[in-house]
Amino acid sequence: MKRLYIAAALLIALLGASLTNAWYAQRLTGGMREELSRAQHLTEQGNWGRAEALTRQVYEDWQSHHFYLHTLMRHSDTDQVLRAFRTVLEYLRLQEPDQYNAANADLMAQLELLAEMEQATIVNVL
């Protein structure tokens, strides 16, 4: 009977860790998406400098979570987000509105998908 309790406790601990990871990933990427959306609104107002600074801040936040991201998520997905950040920053530097808007939308979608992969949904479980 003792083994059953230990196994149940381990399963509960793993479920708790999984749900905590899903919550944290959603919180982390959600905040980044909001800031990137703010940066896009700044470019629409012609404030490219502030938009670039805000996007760099989000990029630095992404980099500061490097260990977490590369430990718990697929490397190909996190690498794709890193490439998207660099593309967005380059279009900001060049002040190319069409390319920037498309690249920023792609980056926000990738962040959303990254968090979505961690959620405890039936699609992810099966």
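**Reading surface, fold and salt bridges in a predicted chain**

Tutor: The chain has an accessible surface of about 8,100 Å², and 58% of this belongs to carbon and sulfur atoms; such areas come from the Shrake-Rupley method with a 1.4 Å probe, and for residues only the protein chains shown count as cover. This is a predicted model, in which local features need pLDDT of at least 70, side-chain atom pairs count only at pLDDT 80 or more, and totals for chains, interfaces and linings use all residues. Residues are numbered from 1 along each chain as its sequence is written, and side-chain values use heavy atoms, with hydrogens and water left out.

Student: How many helices and strands are there in the chain?

Tutor: Helices (H or I, at least four residues) and strands (E, at least two) are DSSP runs, numbered from the N terminus. Here there are 6 helices and 0 strands, which gives the pattern α-α-α-α-α-α along the sequence.

Student: Which residue forms a salt bridge with Arg-38?

Tutor: A salt bridge requires a side-chain nitrogen of Lys or Arg within 4 Å of a carboxyl oxygen of Asp or Glu. The structure holds 4 of them. In one, Arg-38 pairs with Glu-35, with the closest N and O atoms 3.0 Å apart. The two are separated by about one helical turn because they lie 3 residues apart in helix H1. Another joins Glu-52 and Arg-56 at 3.1 Å, N to O.

Student: Is Glu-52 buried or exposed?

Tutor: Buried means under 20% relative accessible area, exposed over 50%, and partly exposed in between (1.4 Å probe, protein chains only). Glu-52 has 18% relative accessibility and therefore counts as buried, whereas Arg-56, at 36%, counts as partly exposed.

Student: Which side chain of opposite charge is nearest to Arg-33?

Tutor: Lys and Arg count as positive and Asp and Glu as negative; His and the chain ends are not counted. Arg-33, in helix H1 (residues 2-44), is buried without a salt bridge, and Glu-112 is the nearest such side chain, 4.7 Å away.
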